[in-house]
Amino acid sequence: MLRIGRTIAVSAALSMASLAAAHAWQPTKPIEFVVTSGPGGGTDNFARVVQSIVGKYKLSPQPIIVTNKGGGSGAEGYIYARSSSGDPQKVIFGTNNAYLLPHVVKTPFKPDDLTPVAAMALDEFLLWVTSQSEFKDTKSYIAAVKAKPETYKMGGSQSKDTDQTLTSLIESVAGVKWIYVPFQGGGAAAVQLAGGHTDSNTNNPNENIGQWKAGQVRPLCVFSTTRLPAGPKVTADMGWGDIPTCKEEGIAIDRFQMPRTVWLPAKVPADAVAFYVELMKKVSETPEWREYVTRTVQTPRFMTGAELKAFVAEDDANNRKVFEKEGWLVK
Amino acid sequence: MDGIASLLHGFGVALTAYHVMLMVIGVMLGLLVGVLPGLGAPNGVSLLLPLTFTMDPVAAIILLTSTYWGALFGGSTTSILFNIPGEPSSVATTFDGYPMAKQGRATEALSYAFLSAGFGALLGVVLITLLSGWVARFALKFSSPEYFAVYFLAFASFIGLGGASPLKTIVSIGLGFSLAAVGMDSISGSLRLSYGFDSLVPGISFLVAVIGLFGLGELVVTIEEGLKIDGIRARLSLRDVLRTAADMPRHWLALLRSGAIGCWMGITPGGPTAASFMSYGLAKRFSRKGARFGQGEPEGVISPETADHAAGTSAMLPMLALGVPGSATSAVMLGGLMIWGLNPGPMLFIERPDFVWGLIASMYLANVVAVVLVLTTVPMFAAILRTPFAVIGPIIVVVCFVGAYTVASREFDLWLALAFGVVGYIFKKLDYPIAPMVLAMVIGDKAEDAFRQSLIMSKGSPAIFWANPLVTTLMSLGLLLLLWPLIARLVAVARRPIP
């Protein structure tokens with residue numbers, strides 16, 4: 001009964017669209033933005049910025065509802081996507097956890113349950129130390145950690161997530177070993193570093209900016225191929241552009257970035273995917289979007305189609321290597 | 001005076017037309033919730049919580065706290081007029097309030113109750129204002145061991161001072177812990193206790209649990225006990241209120257003593273219910289008129305009311321500053337804070353001064369709003385109780401289920417709420433306390449995380465919990481409270497005269 005109803009709805013939409021001849025597919029009821037984090041998280045901000053831009057420029061004929069399904073580090077949202085298979089009115093917002101989570105956590109969803117739409121920005125990672133320490137540059141800090149293995153504490157978000165993956169990468173290329181302390185999220189890791197309870201963390205710029213402004217933490221280097229855009233000074237004498245890349249400082253990691261991704265459930269019509277690709281592309285070209293990525297110090301990069309596929313494949317393979325080495329893979 | 005400047009800033013935040021409107025709405029809703037038996041402050045607040053998800057945190061907390069104050073006032077009204085405590089914390093008010101009302105002194109009893117409640121609330125807020133600045137300075141000293149020590153202290157004080165049997169409290173906490181463990185474990189990065197059910201992956205929402213435990217469970221108990229409504233008409237004339245107000249200073253000793261008890265019980269998680277009973281008991285013992293308690297003695301109304309409200313307001317301080325709720329209602333609000341993306345704890349005072357001081361300022365304002373509103377609307381609310389329970393009961397059930405569904409729009413949550421309703425009923429029947437379980441559901445996984453983070457930092461040595469004066473003090477205090485029932489028993493045995 002439901003399927004017949006949907007077929008009728010789809011064919012009705014199709015015939016209307018062919019009359020309008022503008023888009024092959026148009027949403028016919030309110031679109032649901034499924035956020036794979038809790039309110040206030042990075043993914044939540046991402047989805048809500050997109051929602052407000054779509055609303056402001058009237059890019060969608062239908063209204064947008066944002067729902068947070070962040071349970072199980074986002075697994076809740078992806079499982080919801082799997083149960084909504086074939087429904088093109090549900091758009092899922094996430095990070096690389098969309099394809100990395102099933103490697104390390106026993107979840108009922110698989111990457112095949114999602115149709116890729118686009119990646120819209122790359123969030124950067126930095127190496128930060130507490131201002132209570134004497135370390136002013138990467139080399140002296142890494143040397144100290146090397147001299148005393150498993151003494152210095154690296155704070156970060158939950159285990160087997162991006163922060164610990166990056167920590168493991170640094171450990172293997174630099175030949176060092178930290179005590180990794182998992183906190184509830186980047187915010188908690190930032191506060192602990194500010195209080196001097198941990199020695200370093202690998203937070204995103206946006207997670208540590210408050211503590212940096214207050215002079216409680218110090219950035220050492222950024223895990224990117226090039227330096228961040230200069231912009232205005234954050235503290236009295238430093239801006240984001242003054243932070244060297246970790247490669248310059250001798251850590252042999254080209255880049256470590258986290259994509260902000262958009263997905264649809266599996267088995268949706270190809271022209272529906274095309275509609276959302278076009279929608280996200282328009283969003284990424286607005287001044288509001290540029291303001292958002294600048295404010296949160298992310299790198300704007302719109303990827304879709306084959307380019308996105310290649311990026312995902314490479315990112316997946318790189319991370320898998322670390323998971324394998326650390327023995328995190330679930331059977 | 002840093003605190004005063006911050007407070008003035010807070011008044012700037014709180015005093016907008018929108019916020020004052022929310023206070024009025026909140027107090028009115030609270031009065032309704034408080035007046036209706038079977039719908040108390042914790043479930044009233046938890047039913048409103050989903051509505052606040054899209055609100056600005058300051059507006060949201062003002063709405064919820066105002067509802068709380070309203071519920072506290074509403075609970076006393078029915079205690080006095082109908083001998084039905086609308087709230088567990090106003091049970092003690094019935095002892096002397098109802099006899100007074102029966103003697104035709106209903107106005108007097110209500111005025112005493114509202115004015116002393118207002119005084120108690122004010123005392124609680126002043127205490128918060130004075131202590132907040134001091135709390136904020138501790139902020140950055142807190143790491144995982146300190147957090148664990150504070151959580152430990154909270155659980156221990158529930159066991160040692162909660163009033164219920166210590167063993168039953170431990171059982172309740174244990175159940176809460178296991179429910180909190182369902183879902184993602186951030187220390188290991190693995191899923192736990194989901195048994196392959198998709199619905200269990202996000203974990204069990206404490207909100208749904210609270211709605212079932214307090215709302216449905218309590219309702220069944222109310223139905224079972226049968227509801228006898230034997231009301232007394234209330235008419236409040238300004239002259240009577242003023243006369244009572246003029247009489248208040250005579251009871252200064254009772255006011256101060258009860259206020260002190262309330263503040264203490266609010267900051268340690270004894271909660272308003274324990275505070276009001278304790279205050280009544282002590283007043284009966286120490287007052288010169290103690291022998292006349294139970295027959296309509298004003299001090300028998302003043303003492304529990306002052307302590308009740310002082311505890312209700314001061315319970316907000318440990319919730320904001322340490323993430324440790326001092327009452328069941330603040331345990332629900334604590335959950336709300338996290339949903340709004342705020343991290344309760346000492347850092348909140350540094351990161352979100354607008355929120356903290358806006359809230360504190362709103363507590364002064366909302367309590368004034370509440371006193372004015374109750375004095376003017378009491379007869380109207382009392383009329384609600386004349387509606388048959390057969391009408392009110394089903395409405396409460398509907399409200400509970402709608403509330404449970406709005407949490408995450410999942411059908412599974414409806415079944416969960418029903419299951420928790422059964423659990424709540426069983427708990428009530430067997431006299432198990434519910435609040436420790438709610439506390440464990442809200443901060444259980446945080447306590448576990450803090451414990452494991454500490455041990456990761458120390459490479460497995462428990463000495464980290466005694467590593468500095470701050471954490472040592474907290475842990476020792478916690479252990480003392482945990483063992484308090486045992487110590488008290490030993491002392492009693494030692495004192496018993498040898499025959």
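**Domains, chains and cores**

Modeller: Let us begin with chain A, for which the domain assignment gives domain 1 (2-123 + 258-326) and domain 2 (126-242), the bounds coming from an automatic or database domain assignment. This is a predicted model, in which local features need pLDDT of at least 70, side-chain atom pairs count only at pLDDT 80 or more, and totals for chains, interfaces and linings use all residues. Residues are numbered from 1 along each chain as its sequence is written, while chains are lettered from A and ligands numbered from 1 in the order in which they are written.

Colleague: How far apart are the C-alpha centres of domain 1 and domain 2 of chain A?

Modeller: Those centres lie 30 Å apart. The contact between the two takes 9 residues from domain 1 of chain A and 11 residues from domain 2 of chain A, where two residues are in contact if their C-beta atoms, placed from the backbone, lie within 7 Å.

Colleague: And which helix gives the most to the domain 1 side?

Modeller: Helix 11 (residues 305-326) of chain A gives the most to the side of domain 1 that touches domain 2, with 3 residues. By class, that side of domain 1 of chain A has 4 nonpolar, 3 polar and 2 charged residues; here Ala, Val, Leu, Ile, Met, Phe, Trp, Tyr, Cys and Pro count as nonpolar, Asp, Glu, Lys and Arg as charged, and the others, Gly among them, as polar.

Colleague: What is the secondary structure of chain A overall?

Modeller: Chain A comes to 11 helices and 11 strands, these being DSSP runs (H or I, at least four residues, for helices; E, at least two, for strands) numbered from the N terminus. Its C-alpha trace spans about 70 × 45 × 30 Å along the principal axes of chain A. The radius of gyration of chain A is 21 Å, which agrees with the value near 20 Å that a compact globule of 331 residues would have; the radius is taken over C-alpha atoms, and the globule rule is 2.2 Å times the number of residues to the power 0.38.

Colleague: How much of chain A is buried?

Modeller: Of its 331 residues, 47% count as buried, and the term buried applies if 20 or more other C-beta atoms, placed from the backbone, lie within 10 Å of a residue's own, with exposed meaning 12 or fewer and partly exposed in between. A:Ala252, for example, is exposed, with 11 other C-beta atoms within 10 Å, and A:Ala252 lies in the loop between strand 9 (217-222) and strand 10 (257-265) of chain A.

Colleague: Switching to chain B, what is that one made of?

Modeller: Chain B has 20 helices and 2 strands. The radius of gyration of chain B is 22 Å, close to the 23 Å that the globule rule gives for 499 residues, so chain B is as compact as a globular protein of that length. Buried residues make up 59% of the 499 residues in chain B.

Colleague: Which residues have the most contacts inside the largest nonpolar core?

Modeller: They are B:Tyr151 and B:Val438, in a core of 192 residues, a nonpolar core being a set of buried Ala, Val, Leu, Ile, Met, Phe, Trp, Tyr and Cys residues joined through C-beta atoms within 7 Å. Helix 5 (residues 91-137) of chain B gives the most to this core, with 19 residues. Apart from it lies another core, of 52 residues, among them A:Ile53, A:Met120, A:Val262 and A:Leu279.

Colleague: What does B:Val438 touch?

Modeller: Leaving aside neighbours within four places in sequence, B:Val438 is in contact with B:Gly176, B:Phe206, B:Val210, B:Leu213, B:Ala328 and B:Ala331.

Colleague: Is helix 4 of chain B largely enclosed or left open?

Modeller: Helix 4 of chain B is largely enclosed by the rest of the structure, because 25 of its 26 residues are buried. Just after helix 4 of chain B, B:Asn83 takes a positive phi of about 65°.

Colleague: Last topic: how many residues does each chain give to the contact between chain A and chain B?

Modeller: The contact takes 28 residues from chain A and 25 residues from chain B. On the side of chain A that touches chain B, the largest share, 4 residues, comes from helix 7 of chain A. By class, that side of chain A has 12 nonpolar, 11 polar and 5 charged residues.
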